Structure formats: C-alpha cells, structure tokens
Amino acid sequence: MPDSGNIKMEFAAQIRGEECADTIRKALSDAGTVTIDVGKGSVLIETTLPWLEVHKRIEATGRRAALTGFGGQSAVAMVEHGNESSNVRGVVRFCTVSNVTGRKGAVVDGTIDGLTPNGSYRLNVHECGDISQGCSSVGDVYDSSEIRTDESGRATIRLVNERLDVNDLIGRSVVIAQPGNDSGRLSCGIIARSAGIFENYKKICACDGVTIWDERNKSAM
C-alpha cells in the first residue's frame, strides 16, 4: 500500500508490568514513536505502518491487543451486511490525515476477509447508510478505491484518499463490490463516528457498543 505519512494509533494491551512493556517496545522499535502506559494497559504509537501490522507485532510478544482509537477525527464501518451466501466481513476505519503530513483527506485503514484470493475489488463509499434492504438501498457511489486481496482472500487496506473528509462520511456506508458490476455488492456497513485516542477506552465504535476485546471475534482480526 502507498505511504500515507505518520498517524497516531492507540491499542489496548494486556500488559503486566514493565517487563511486558519493554518487550512490546522492542517489537515496535523500528515502527515509530511508542508510548506505553502500563497502568492503563495502552500502547500509543505514531507510525506509517497499517494498524494490523502493529497489532500483529504486539500480539507476537504473547500479549492480547486491540485497536482502541486513531488520532484526529475518526469513523468506522463494520462491514458485515451481505446476502446469506456472502462471507465477506471486515472493519474499515477512516481517520483525518495528520496536519504534520501536509496532506488533506483521510487515511483509509482496514481489513476485509472472505474474498477471492489474489483478486481485485472496489471499496466504495455510498451516499447514504440505509441498509433496510441490505446493500441495495445505500444509494449511489460517493467515492471509490481499488483494493486487492492476498493469497488467503484478505484485503489489507492502507491508503490516503485526498477526496474524503471524515466529517462528511458519518451516516454514509461502505460497500465491498466486484469491479464494473453495480449489482455485485458483496457486503456493506454504515459509517459511524469512532472513538479517538483516549476518548473511549472500552468501545471500538460509538454506534454499537462493541468492546475492544469483542472485535477479536470478528473476521477482520
């Protein structure tokens, strides 16, 4: 994925003392600036890495971890509404680009599972969040980006979209679609305001009350 500049992320981690914290610091030593609060069990990092890569590095130390916030205005879509035969599921986050990068727009960061291996798809933002009729009632495409999958059928998303304003995304929807096929809407989710760093330590999303550890049970993790 293209370089998108530094952004801040906060992870909850099961840290038991300074020895655990030092192990995590070592795992992230080349990733960016890391601050760990042992008492709270939080890892704050400013990095260019995708959140999934940071998450994997923390958990490789033997500590459970979950993303709890991005710096700046943030939004999240739990992509899990598709037809009965669809196994396409994931999480997509949008974060205002940090002012230090000198760029405008939003960082789009997430993972989508259940797709065809080594395939090309579209990550579309649609104009409204009406999923009363599934992915067919979300209106027209507001913005579109290409995403690609690996050999396991997972799309790891990390890009900067200079056309997007996070404040304007709340209440719209994300759709994972087959390219060039408007009827091929595989899965979708409403974009809701997400907790920022230090803002809400227990919830991934202001919309559904999913806790930081619940997200591990979703396919995107």
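## Salt bridges and their burial

Glu18, Asp22 and Arg25 are linked in a network of salt bridges. This is a predicted model: local features need pLDDT of at least 70, side-chain atom pairs count only at pLDDT 80 or more, and totals for chains, interfaces and linings use all residues. Side-chain values use heavy atoms, without hydrogens and water, and residues are numbered from 1 along each chain as its sequence is written.

Q: Why is the contact of Asp22 and Arg25 called a salt bridge?
A: A salt bridge needs a side-chain nitrogen of Lys or Arg within 4 Å of a carboxyl oxygen of Asp or Glu. The N to O distance for Asp22 and Arg25 is 2.7 Å, so the pair qualifies.

Q: Where do Asp22 and Arg25 lie?
A: Both lie in helix α1 (residues 18-27; a helix is a DSSP run of H or I, at least four residues). They are three residues apart, about one turn of the helix.

Q: Why is Asp143 called buried?
A: Buried means under 20% relative accessible area, exposed over 50%, partly exposed in between (1.4 Å probe, protein chains only). Asp143 has 7%, so it is buried.

Q: What makes Arg163 count as exposed?
A: Its relative accessibility is 56%, so Arg163 passes the exposed cut-off. Arg163 forms a salt bridge with Asp143, the closest N and O atoms being 2.7 Å apart.

Q: How do you know that Arg172 is buried?
A: Arg172 has a relative accessible area of 15%, so it falls in the buried class. Its salt-bridge partner is Asp168. Asp168 has 31%, so it is partly exposed.

Definitions and conventions: Helix = DSSP H or I, 4+ residues; strand = E, 2+ residues; numbered from the N terminus.
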